[in-house]
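Dear colleague,

Please find the structure below. My notes on it follow.

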Amino acid sequence: MLSAAWPMAGRIVLALPGAYVFVWGQTCFTVSSLVAAGLSFHDAETAAFITGFLSYLGLFLWVFATPSLLRATWLLLGGGATMSLLAWSMQSRLLSGAYA
């Protein structure tokens with residue numbers, strides 16, 4: 001029989017790195033998108049960091065509020081990986097001059 005601490009431990013283990021992975025992807029994607037839209041890199045970076053901080057807090061708390069730990073895992077890790085890949089693709093196009 002599992003103790004009551006195991007479900008909470010699973011949420012803690014997911015909340016810390018999972019929200020970080022999601023926010024990493026969000027930050028990369030936001031910076032790439034804003035630079036492609038014509039904003040300077042440092043302004044885009046600042047905007048991404050501000051929204052990333054708020055997103056991390058919200059996602060961290062959401063992991064404890066959502067009833068499905070599996071859904072939270074897929075959203076955080078899958079969403080973070082997807083946004084990271086999209087940002088990587090956009091950054092390589094930016095560096096090659098495709099958006100110039």
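The crossing of helix 1 and helix 3 is left-handed, meaning that the near helix is turned anticlockwise from the far one by less than a right angle. The helices are DSSP runs (H or I, at least four residues), numbered from the N terminus. This is a predicted model, in which local features need pLDDT of at least 70 and side-chain atom pairs pLDDT 80 or more, while totals for chains, interfaces and linings use all residues. Residues are numbered from 1 along each chain as its sequence is written, and side-chain values use heavy atoms, without hydrogens and water.

The axes of helix 1 (residues 5-36) and helix 3 (residues 69-96) come within 8 Å and cross at roughly 25°. That makes the two helices, helix 1 and helix 3, roughly parallel (angles under 35 degrees). Their contact has 19 nonpolar, eleven polar and one charged residues.

The largest pocket holds about 160 Å³ of space. A pocket here is an open set of points on a 1 Å grid where a 1.4 Å probe fits, with protein on both sides within 12 Å along at least five of seven lines; lining residues have an atom within 4 Å of a point. Helix 1 gives the most to the lining, with six residues. Among the lining residues are Tyr20, Trp24, Phe49 and Gln91. By class, the lining has seven nonpolar, two polar and no charged residues.

Gly52 is in helix 2 and is buried, at 4% relative accessible area (buried means under 20%, with a 1.4 Å probe and protein chains only). Its C-alpha atom is separated by 5.6 Å from that of Val23, 29 residues apart along the chain.

Regards

Conventions:
Axes are lines fitted to C-alpha atoms, for helices over the stretch in contact, and angles run from 0 to 180 degrees between N-to-C directions. Angles under 35 degrees count as roughly parallel, over 145 as roughly antiparallel, 65 to 115 as roughly perpendicular and the rest as oblique. Ala, Val, Leu, Ile, Met, Phe, Trp, Tyr, Cys and Pro count as nonpolar, Asp, Glu, Lys and Arg as charged, and the others, Gly among them, as polar. Grid points are joined across faces, edges and corners, and a volume is the space filled by probe spheres set on the points. Buried means under 20% relative accessible area, exposed over 50%, partly exposed in between (1.4 Å probe, protein chains only).
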